[in-house]
Amino acid sequence: MPRTVVITGSGSGIGAALTALLRAQGDRVIGVDLRGGEIDADLSTPEGRTAAAAAAGEVAGGVVDVVVTCAGTSVPGTAMVTVNYFGTTEFLTALRPALAKAEQPRVVVIGSISGTQTSDPDVITACLADDETTALEHAERAVAEGRARQLYPSSKAALAQWARRTAVAEGWADAGIPLNVVAPGVVLTPMTTEIFDDPEMKKIMDRAVPMPLNGYAQPEDIARAVLFLASPGNSHITGQVVYVDGGAEATLRGPADF
Ligand code: NAI
């Protein structure tokens with residue numbers, strides 16, 4: 001049975017790979033991206049998120065089977081918080097009623113192995129309090145203090161915690177909506193091209209994200225894990241952060257952290 005799938009960040013990298021796989025199996029994809037998707041939207045602003053979710057719900061006819069949030073940025077700056085965190089949480093919250101109307105709804109959020117790395121606890125706390133103004137104040141302070149790079153792990157750590165909390169909150173698991181995070185290691189997409197152009201950055205990345213199983217991932221490797229969590233076959237997995245990272249998380253955190 002073809003399903004209606006809303007994908008943010010559908011125009012590039014993981015979102016584009018997932019869009020292609022879903023369309024190949026006959027599903028209907030409503031792509032949301034800055035430009036070039038079915039819905040053009042800027043998820044960095046509250047207005048952009050609200051309009052994008054409303055448009056996606058309308059194009060879908062009021063019932064959405066699956067939402068996968070791939071939109072994100074790794075450019076050091078406050079957009080790491082506004083797009084990666086609020087561009088996911090507010091978009092999903094707005095689409096929850098349309099998901100609840102589907103027979104077998106599923107949600108997958110793209111997180112990151114970076115969520116386990118050094119972050120700014122104030123940014124995370126403000127994100128989880130749903131306080132974008134305060135989150136942005138802390139983010140701007142991090143930028144001013146030369147800690148802008150911490151905002152990416154902060155956004156992804158907050159996202160993982162939001163997903164675990166939300167998955168079992170009223171209106172999600174009890175409404176039959178599994179919500180999981182797929183957290184990749186290093187994936188060869190336009191987001192990482194620059195890193196691989198710079199031998200020094202590549203060395204830093206290889207130390208930060210060791211991937212003993214099969215090395216760097218292709219976007220399709222991540223998309224295939226998403227496909228399962230988003231499929232009707234996933235009946236009981238929810239609130240999980242699934243690391244699709246070639247063993248990076250197990251290497252870095254060790255056996256006791258599970
Ligand atoms: P990408 O750069 O190829 O794709 C990101 C997409 O998000 C683009 O289509 C872009 O237009 C869209 N986007 C950015 N800002 C937006 C905004 N304000 N409004 C709407 N759309 C916006 O990157 P990639 O690698 O496919 O990343 C997808 C997700 O995977 C991101 O959340 C990223 O943080 C995450 N990720 C990527 C890793 C990698 O190594 N490439 C590793 C771990 C996580």
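## A buried cysteine

C70 is buried, its relative accessible area being 16%, where buried means under 20% relative accessible area, exposed means over 50%, and partly exposed lies in between (1.4 Å probe, protein chains only). This residue belongs to a predicted model, in which local features need pLDDT of at least 70 and side-chain atom pairs count only at pLDDT 80 or more, while totals for chains, interfaces and linings use all residues. Residues are numbered from 1 along each chain as its sequence is written, and side-chain values use heavy atoms, with hydrogens and water left out.

A disulfide is a covalent bond between the sulfur atoms of two cysteines. With a disulfide taken as a pair of cysteine sulfur atoms within 2.5 Å, a search of the whole structure finds zero of them. C70 is accordingly in no disulfide, and the nearest cysteine sulfur, that of C127, is 19 Å away. Seen from C127, the closest cysteine sulfur is the one in C70, and a separation of 19 Å is too far for a bond. C127 is also buried, with a relative accessible area of 1%.

## The protein as a whole

The protein holds ten helices and seven strands, which are DSSP runs numbered from the N terminus, helices being H or I with at least four residues and strands being E with at least two. The radius of gyration, taken over C-alpha atoms, is compared here with a globule rule of 2.2 Å times the number of residues to the power 0.38. For 258 residues a compact globule would have a value near 18 Å, and the 17 Å of the protein agrees with this. Along the principal axes, the C-alpha atoms fill a box of roughly 50 × 40 × 40 Å.

Of the 258 residues, 50% are buried.

## Surface and charge

The protein exposes about 11,600 Å², and carbon and sulfur atoms supply 55% of this area, as computed by the Shrake-Rupley method with a 1.4 Å probe; for residues, only the protein chains shown count as cover.

The 19 positive and 30 negative charges have mean positions that are 4 Å apart. In this count Lys and Arg are positive and Asp and Glu are negative, whereas His and the chain ends are not counted, and each charge is placed at NZ of Lys, CZ of Arg, CG of Asp or CD of Glu.

## Two loop residues with positive phi

Most residues other than glycine have a negative phi, and most peptide bonds are trans. D130, in the loop between α4 (121-128) and α5 (132-144), has a positive phi near 60° although it is not a glycine, and D130 is exposed, with a relative accessible area of 52%.

N214 lies in the loop between α8 (199-208) and α9 (219-229), and its phi, near 70°, is again positive in a residue other than glycine. N214 is exposed too, with a relative accessible area of 70%.

## A helix residue and a loop glycine

T88 is part of helix α3 (residues 79-100) and is buried, with a relative accessible area of 2%. Not counting residues up to four places away in sequence, T88 touches T69, V83, V109 and L159.

G36, by contrast, is exposed, with a relative accessible area of 77%, and sits in the loop between β2 (28-33) and β3 (39-40). The C-alpha atoms of G36 and G11 are separated by 6.7 Å, with the two residues 25 apart along the chain.

How values were computed: Contact means heavy atoms within 4.5 Å.
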